[in-house]
Structures are given as structure tokens and as C-alpha cells.
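Hello,

Here is the structure for you to look through. My notes on it follow below.

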Amino acid sequence: MLMSSNSIDIIIPSFRLDEQYLLPLFHLPKPAGWRFNYYVIVDNPTVQPGQEILRLAASGEIHLFINPENLGAAESRNKGINAGSGDWMLFLDDDIVADDDILFQYVKAIEAHPGSIGFIGLTDFPAPMNTFTRALTAAGLTSIFTIANRKDEFMWGVTANMMYNRAAMQELRFSAIFPKSGGGEDVDLPAQICLRNNARFICVKEARAVHPWWHDGQPHYKRFERYGEGMALLLPRFKQFTWYAFPNPVEGLLLVLLSAPLFFLYLSWEKWVILLLAIPLIDMVINYIRAYGMGFRELKTGYYMTLLRCSNEWGLFKTIMRAGKPGYFLKRINIDFTRPRHFRTNRWRIIKLVIYLLLIAALIFI
């Protein structure tokens, strides 16, 4: 069994050093009898720390490190891990608003489960503020942040609010192969820890923080492309949890592009264009139906959902191709790390496949 003691390192990688968010984290109420050390790693060599942060660093209340060059999220977190010696490590994002009792809730969890490999806190988002944030919610792109609301234990959680047992982590660290701005590294490390220790992280929904909407809720897609890149990099690292799926829209568009000579030879370029345009349109319709079933009624929700999913799928596809691994085309990773069948599907994939087959049949025979 893993041993436990009463020391916690709080590791906060930061690019902005925004005192609006950081100072409340530094001054969180703390349980008596526990030692807390803050490690703030600034991944921005041009940053100018505010006076209060400089005062806290000079007094030793926080440990402030400013990277001489941009190292990325993974290496910055590793720097915090290596600088500390606490038996537990709590990772927090630099822009969250934590509940006042968050440290008490984590201590309570440690005392109840001293041999745990770690804990996944709850990272909530504000209520959706516009069509784009409603699309983010409907597309499930925030669901892992709130996994503690739905699971008692899980293989990984976001480092916006998650605690690790140093003894369970041992020499393992966040891998630098993933995108510098984040994507995949916070799946990779906890999954490796779980597999090594034959255990899962315990979810603690009472240890709650709120994460603001990225880009103030305005449409953006690069982040979700990075998430796709991270998923692609996970595939060869966890081969036993991968499976094949029907083509997603990005893969479907590629297959239609490759089929152009057959269409031009045996059918017509007009029918080829119809099939090409049908792929994103069908996806938008299906996504809108899904969003409607969740209570999101605006037509534009399906449009944003499709762009978000395609951004993620494009990141996956281009990373596989860039790495020279065409054998991973149509491959996915089972993100809860249960052992899947060789091929998986669901009703939405089946519905889309049936629609595509009917459309192709109509183009051939009509």
C-alpha cells in the first residue's frame, strides 16, 4: 500500500501570471496540521510579475520559477514536480476560481483513502453563455472536466484540478512529445500511473473549481485541434486500448477525394460534388438533432458542433499522417481505458453510415 503524510505541493503552471486568479489560490484557507508549498512555473520569459507576487516569492510563501524559454505545459509541470518534495501534488490551472474549501476536501479525501494514487477534482464551467458554448457542451468537449460528477473513479482527469500521490508517480513525468500548449499529456501520465499501480484515481466532486470559458466563449478551434493531435500521439502508446471506427467527416472527405477518378469515369463530376458536400451537411444535421435532444434548439449549434468535431478530427488525422503512420487511419483510443472490441460503433455512427449508403446508391442508380 502507498504511504501518506501531511505535505502537499500545489503546482501552478502559468503564462499570464494574472493576480486576479492566482492570489485567491495562494490565500485559500488551509487545514491545520498540513504543510502546503506553492510552485508557480511561468512559461513566459517576458512576463513581468506583479508586486504582490514578487513579495510572496521574496518572503518564501511561494516558489516562483520563470522559464528562460517557452518549455510547454508538460515540461513546466515537470519542473514543479521536481522542485517539490511533498507526498501529494495538487495541480491547478492559473485561471480557475476554486471553492474556499477545496484544500479541506482534498485533505478529507487523503485521510479517507491514504493509499490512493490520487484524486480527480471537479472542474465546472459557467452556464453556457452563447451558441458556441452551448455547442461545446453538446459536443461533449467539456465532459472530462466534470467527470467527478459522474464517476466514483477514473483513469485520468484534467490537470486544471487534480491531485497525484508522489509515491505512485515515482519517476514518471508528463511527456514532452505532446503539444506544448497542452493536449494528450494529461491523459498519458495518469493512465500510465493507473496501469503501473493497477488502480484508478478517486473522484472527489466536493473538491470544486470553476474554469472560465476559453476565449471568453467566442468561437475558436485551435485548442480542439490540439486535443486531436494529443489523441493521435496516444494511439501508439496505448495500443491495447485502440479500435477501428467508421470514417469521421475528415476521413470521409479524404475517401471521397480519393474516389474522384471513379466518379469522373463512371458517373459524373456533379455527383461527386454532391457526395463531397453531403458529408459536412449530414454531420451538421445529425449534430443538430443530438443538440436538440439535449435542449439546445438554435440551428447554429449543429454548425458549431461540426466545426469543433472536425477541428479535433483534423488534428488527429494530420498528426497520424505527419508521423508516417497510415496504419492508424480510422483508429481511435478508448479514452476510459477499458479493453474494447476490435471495432466499435454507436447508433449515431450507424445512422450516418446508412444515410451515406443510401445517398451513394441514389447517385449510382438514379
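**Contacts of Ser311**

Leaving aside its neighbours within four places in sequence, Ser311 is in contact with Tyr221, Phe224 and Glu225. Please keep in mind that this is a predicted model. Ser311 itself is part of helix α12, which covers residues 299-322. Its relative accessibility is 13%, so Ser311 counts as buried, the cut-off being under 20%.

**Strand β6 and its partners**

Strand β6 covers residues 118-124, and seven of its seven residues are buried, so the strand is largely enclosed by the rest of the structure. Strand β8 (residues 161-165) pairs with β6 in the antiparallel sense, over three bridges. Strand β9 (residues 201-210) runs parallel to β6, and six bridges join the two.

Phe119 can be followed through both pairings. Its bridge partner in β8 is Met163. In β9, the residue opposite Phe119 is Ile202.

**Ala109**

Phe119 turns up again in the surroundings of Ala109. With neighbours within four places in sequence left aside, Ala109 is in contact with Phe119 and Val204. Ala109 belongs to helix α4 (residues 102-112). A relative accessibility of 8% puts Ala109 under the 20% limit, so this alanine counts as buried. Ala109 and Ala207 are 98 residues apart along the chain, and their C-alpha atoms are separated by 9.2 Å.

**Helices α1 and α2**

Helix α1 (residues 19-26) packs with helix α2 (residues 51-58) at an angle of about 35°, and the two axes are 10 Å apart. The crossing of α1 past α2 is left-handed. On the α1 side, the contact is made by Glu19, Leu22, Leu23 and Phe26. On the α2 side, Gln51, Glu52, Ile53 and Leu56 take part. Sorted by class, the contact of α1 with α2 has five nonpolar residues, two charged residues and one polar residue.

**Positive phi angles**

His215 is not a glycine, yet has a positive phi of about 55°. His215 sits in the loop between β9 and α8 (222-234). Is His215 buried or exposed? With a relative accessible area of 54%, His215 is over the 50% cut-off and is therefore exposed.

Leu330 is the other residue to check: a positive phi of about 75°, although Leu330 is not a glycine. Leu330 lies in the loop between α12 and β11 (331-333). Helix α12 is also the helix in which Ser311 is found.

**Cysteines**

How many disulfides does the model have? The count comes to zero. Cys194 is in no disulfide, and the nearest cysteine sulfur, that of Cys203, is 10 Å away.

**If you only have a few minutes**

These are the places I would open in the viewer:

- Phe119, with Met163 as its bridge partner in β8 and Ile202 opposite in β9.
- Ala109, for its contacts with Phe119 and Val204.
- The left-handed crossing of α1 and α2.
- His215, with its positive phi of about 55°, and Leu330, with its positive phi of about 75°.

Regards

Note on methods: Residues are numbered from 1 along each chain as its sequence is written. This is a predicted model: local features need pLDDT of at least 70, side-chain atom pairs count only at pLDDT 80 or more; totals for chains, interfaces and linings use all residues. Side-chain values use heavy atoms; hydrogens and water are left out. Axes are lines fitted to C-alpha atoms, for helices over the stretch in contact, and angles run from 0 to 180 degrees between N-to-C directions. Helices (H or I, at least four residues) and strands (E, at least two) are DSSP runs, numbered from the N terminus. A crossing is left-handed if the near helix is turned anticlockwise from the far one by less than a right angle, and right-handed if clockwise. Contact means heavy atoms within 4.5 Å. Ala, Val, Leu, Ile, Met, Phe, Trp, Tyr, Cys and Pro count as nonpolar, Asp, Glu, Lys and Arg as charged, and the others, Gly among them, as polar. Buried means under 20% relative accessible area, exposed over 50%, partly exposed in between (1.4 Å probe, protein chains only). Two strands pair if DSSP finds at least two bridges between them. A disulfide is a pair of cysteine sulfur atoms within 2.5 Å.
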